[in-house]
Every structure is written in structure tokens, then in C-alpha cells.
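Work through the following exercises with the model open beside you, and try each task before reading its solution.

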Amino acid sequence: MSLRSAAAGLLASSVALAVAVSSSAAADGGHEQTQDAMDAVVRRGDAPGLLGQAEDGGGVWHGEAGVADRESGRPRLPGERFRIGSITKTFVATVLLQLEAERKVKLDDAVEKWLPGLVRGQGHNGRRITLRQLLNHTSGIYDFTVAPAFRRQLFGPAFLDRRYDRHAPAELVRAAMAHPPDFPPGTGWRYSNTNYVLAGLVVEVVTGRPYAEEIRNRVIDPLGLRDTSLPGESTGIPGRHGRAYSSLPGDTRTEGSRTEGSRTDADGTRTVHDVTALNPAIAGASGEMISSTGDLITFLRALLDGRLLPPRQLRAMTTTVPTADTTPYERYGLGLRARELSCGTVVWGHDGTIHGSAALAMATRDTAHSAAFHANGDWSVTEDELLEAEFCG
């Protein structure tokens with residue numbers, strides 16, 4: 001999902017994990033620092049394995065580090081598919097902006113117009129929240145993924161028994177509506193997965209079709225994204241893929257000398273769980289999708305160079321607001337992040353985390369340089385060093 005906002009405060013500090021490191025791609029000229037950074041991530045135990053892909057003036061580069069399967073030791077391979085979490089949001093925002101270009105919806109429409117009565121309770125009021133505010137996270141709507149009851153079910157030990165549960169979008173929204181909003185609409189910024197569950201529902205009401213069908217028809221098929229899919233409630237990952245591993249950051253059980261989850265065992269190793277199979281309805285339109293590094297780069301480049309949106313809608317998407325993140329260089333548009341790196345380069349894209357999977361896709365605004373990465377573990381955030389190495393190294 002991401003469940004980026006939900007996991008950010010709970011991810012543990014990095015500890016060593018004994019896995020192999022594959023540096024076969026390091027000799028590929030121009031990306032040595034990126035490969036070194038990927039190797040370092042695995043060496044520190046921040047992820048069992050990483051994939052990287054970049055496109056620039058020198059062509060296409062692939063990098064791999066660590067393993068796709070901790071039991072067999074199989075290395076990661078280019079072209080593997082994985083869950084992309086909140087990068088799903090960029091796809092959803094693209095479709096909603098296409099609908100706006102077709103004059104079927106307006107960004108300043110109230111949520112209440114399309115979803116009457118749904119955004120109500122504990123001070124939430126859909127009449128005062130616009131679609132634009134959903135897309136840029138200025139709505140103030142509570143994030144269902146931080147609701148205590150939801151966290152107990154899906155971010156702690158209970159997840160292993162609840163991973164296949166069904167979660168309708170309305171259920172996710174109701175979980176959010178049981179808590180007060182974070183702030184009045186338009187007066188602040190906070191990442192909320194509920195915003196995009198609602199955006200997906202708006203797409204369905206406007207078109208009369210599932211948002212997944214609209215994404216396939218409007219984005220996936222026209223761009224030929226063969227590795228990209230919306231699984232709905234299908235629990236597996238189609239095609240070639242590795243395993244996905246989670247420390248279950250909400251897991252704080254203590255058994256003997258061991259503390260499960262985001263803490264470490266007495267011998268200094270981390271307890272992780274294979275969470276490859278799960279029902280992605282826990283994320284829905286906020287983070288259910290599957291893709292590959294190559295498809296993510298293709299999508300991001302097509303988006304930024306204007307192949308998916310007319311100029312007015314692309315300007316709206318890239319009009320950003322400051323975020324509440326710790327860095328002053330982070331801004332958020334409509335389903336799109338902008339980040340200024342230490343070398344002054346500004347990159348655009350999104351990250352995404354769901355159980356056992358952390359993905360990242362970013363590109364310069366002119367699309368001359370783009371990159372995508374994937375880690376098959378969810379307990380450490382490593383995007384800064386990967387982006388710095390690739391775009392500033």
C-alpha cells in the first residue's frame with residue numbers, strides 16, 4: 001500500500017542478515033555507485049534482495065543484489081514481478097485526470113457529489129473535501145491503515161492468520177470514518193491511503209466500471225505493460241517473481257528470549273515471515289497493483305512526457321504542495337512526488353510499500369534519466385541512498 005505512512009514510524013533499525021550478494025551488474029558502466037549502494041543494502045540486512053533498472057543516455061542498465069528466495073538462495077533476476085504498493089496511486093490519479101480532461105469530472109468537485117454520504121462521521125464532511133484534495137493528500141481524511149483495530153489485524157502477528165481476509169472498499173472507508181480527521185480540508189498535508197480508496201470509488205461511479213478495468217484500458221494496454229496487473233482478490237503474483245518477506249512491524253510478541261517482528265532476536269538476527277501470498281484488497285486502489293521495474297519506467301516516462309495526459313492535466317498533476325516529511329525538499333502533486341536530491345537534481349515519481357515489498361520509481365522531469373528499484377523486504381527504508389547513487393553519483 002505504501003502502507004508507507006502506516007509503517008514509517010514502526011520500521012526497525014537495520015541489522016545484519018546473512019544473504020548472498022550478486023554484483024554481476026556492477027561492471028555495467030555508469031551505474032557502479034548504484035550497484036554498490038544496492039549491495040550495501042543487502043549486506044546490512046536491510047532487505048534480502050534488490051532489483052534496480054535505469055534508463056539514461058547510456059541505454060538500459062539492470063542491477064541485482066541478494067536473493068529472491070531465502071530458502072533456496074536463488075538470486076534476483078531482471079524482469080521479476082512484485083507488488084508495487086502505493087505506486088498504484090499514480091495510476092489511479094492518471095485515470096481520474098483523464099476523466100477530467102474528458103469533462104466527466106472536475107478536480108474541484110466535492111467528494112459528496114460522487115460518493116454521497118460516504119465521507120461522514122467524527123467530523124469528516126465530504127461536502128467540504130474536493131477530489132483534488134484526495135489526490136494531493138490535503139483532505140485531512142484519517143488513514144485507515146493507522147486505525148488501531150486495523151493495525152492489530154494486519155500489521156502484527158494476527159496478519160499470518162488474516163492475510164486472506166476480504167476487505168471491501170467501503171469497509172476501509174468506515175474504518176477511517178470512525179476516527180476524527182487529521183485537520184480541516186485544505187489546511188495541512190498528511191499521507192492517507194483512504195484518499196485513494198475513495199478516488200478509486202469515484203472512478204467507478206463516474207465510468208460505471210471497476211477502476212481496475214479503467215486502468216487496464218486506459219494505461220496498461222495502450223502502453224503494453226505486460227508485467228502490470230490489478231489482482232483484485234487474487235492472492236498470488238503471476239509470472240516470474242521472488243518471495244516477499246515482512247518483519248510484521250506491528251508484531252511485538254515476546255517468546256522466551258526472542259521478540260518477534262520489527263525487533264531482533266537475541267542472536268542479532270531479524271525474525272521475518274514469508275508473506276508472498278496475501279489478499280491485496282487490504283490496499284485496494286491505494287496499493288493493490290503488481291508490476292516490474294521495466295514496466296514502471298515505461299509508465300512513468302509516458303506519464304511525464306505527456307503521452308497519457310493533456311498539458312493542462314499534466315500541469316495539475318505536477319503542481320505540488322509541501323509535505324510534512326522531514327526533508328524540506330519533498331513536495332506532492334496529484335499522485336506524484338517531487339524530490340530534490342543533494343546534487344540539485346529533481347526527480348518525480350512515487351514509492352510504494354505493502355507487506356514484504358518496497359518499490360520505487362523516479363525520473364527527471366524531461367524523462368532523460370529514470371530508475372526503478374524493488375526490495376523484497378519491508379523493514380527498512382533505503383530509497384535515499386539509491387536515488388542519490390543513481391541520480392547524483
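The exercises below concern a predicted model, and each is followed by a worked solution.

**Exercise 1. The disulfide**

Determine how many disulfides the model contains, which residues are joined, and which parts of the chain are tied together.

*Solution.* Begin with the cut-off, which asks for two cysteine sulfur atoms within 2.5 Å; by this rule the count comes to one disulfide. The pair is Cys343 and Cys392, with an S to S distance of 2.0 Å. Next, consider the torsion about the S-S bond, which is -65°, and the link of Cys343 and Cys392 is accordingly described as left-handed. Then place both partners in the secondary structure: Cys343 lies in the loop between β13 (337-340) and β14 (346-354), whereas Cys392 belongs to helix α13 (residues 383-392), so the bond ties together parts that are 49 residues apart in sequence. Finally, check accessibility, where Cys343 at 41% counts as partly exposed, and Cys392, at 24%, counts as partly exposed too.

**Exercise 2. Packing of α13**

Describe how helix α13 packs with α2, giving the angle, the distance between axes and the handedness of the crossing, and then list the buried residues of α13.

*Solution.* Two packed helices are described by the angle between their axes and the distance between the axes. For α2 (residues 32-44) and α13 the angle is about 160° and the axes are 7 Å apart. Because angles over 145 degrees count as roughly antiparallel, α2 is roughly antiparallel to α13. The crossing of these two helices is right-handed. At the residue level, Gln33, Thr34, Ala37, Met38, Val41 and Arg44 of α2 meet Glu385, Leu386, Ala389 and Glu390 of α13. The buried residues of α13 are Glu383, Leu386, Leu387, Ala389, Glu390 and Phe391, and these pack against α2, β1 (49-56), β13, β14, β15 (357-364) and β16 (370-375).

**Exercise 3. The nonpolar cores**

Identify which members of the largest nonpolar core touch the most other members, and find which helix gives the most to this core.

*Solution.* In the largest nonpolar core, which has 81 residues, Phe91 and Ile215 touch the most other members. Helix α9 (residues 193-207) gives the most to this core, contributing eight residues. To inspect Ile215, leave aside its neighbours within four places in sequence; its contacts are then Phe91, Val92, Val95, Ile220, Leu230 and Met289. Another core, of 20 residues, lies apart from the largest one, and among its members are Val347, Ala375, Leu387 and Phe391.

Technical notes:
Residues numbered from 1 in each chain as written. Predicted model: local features only at pLDDT ≥ 70, side-chain atom pairs only at ≥ 80, totals over all residues. Heavy atoms only, no water. Helix = DSSP H or I, 4+ residues; strand = E, 2+ residues; numbered from the N terminus. Buried < 20%, exposed > 50% of the residue type's maximum accessible area, 1.4 Å probe, protein only. Core = buried A, V, L, I, M, F, W, Y, C linked by side-chain atoms within 4.5 Å. Contact = heavy atoms within 4.5 Å. Axes fitted to C-alpha atoms, helices over the stretch in contact; angles between N-to-C directions. Parallel < 35°, antiparallel > 145°, perpendicular 65-115°, else oblique. Left-handed = near helix turned anticlockwise from the far one by under 90°.
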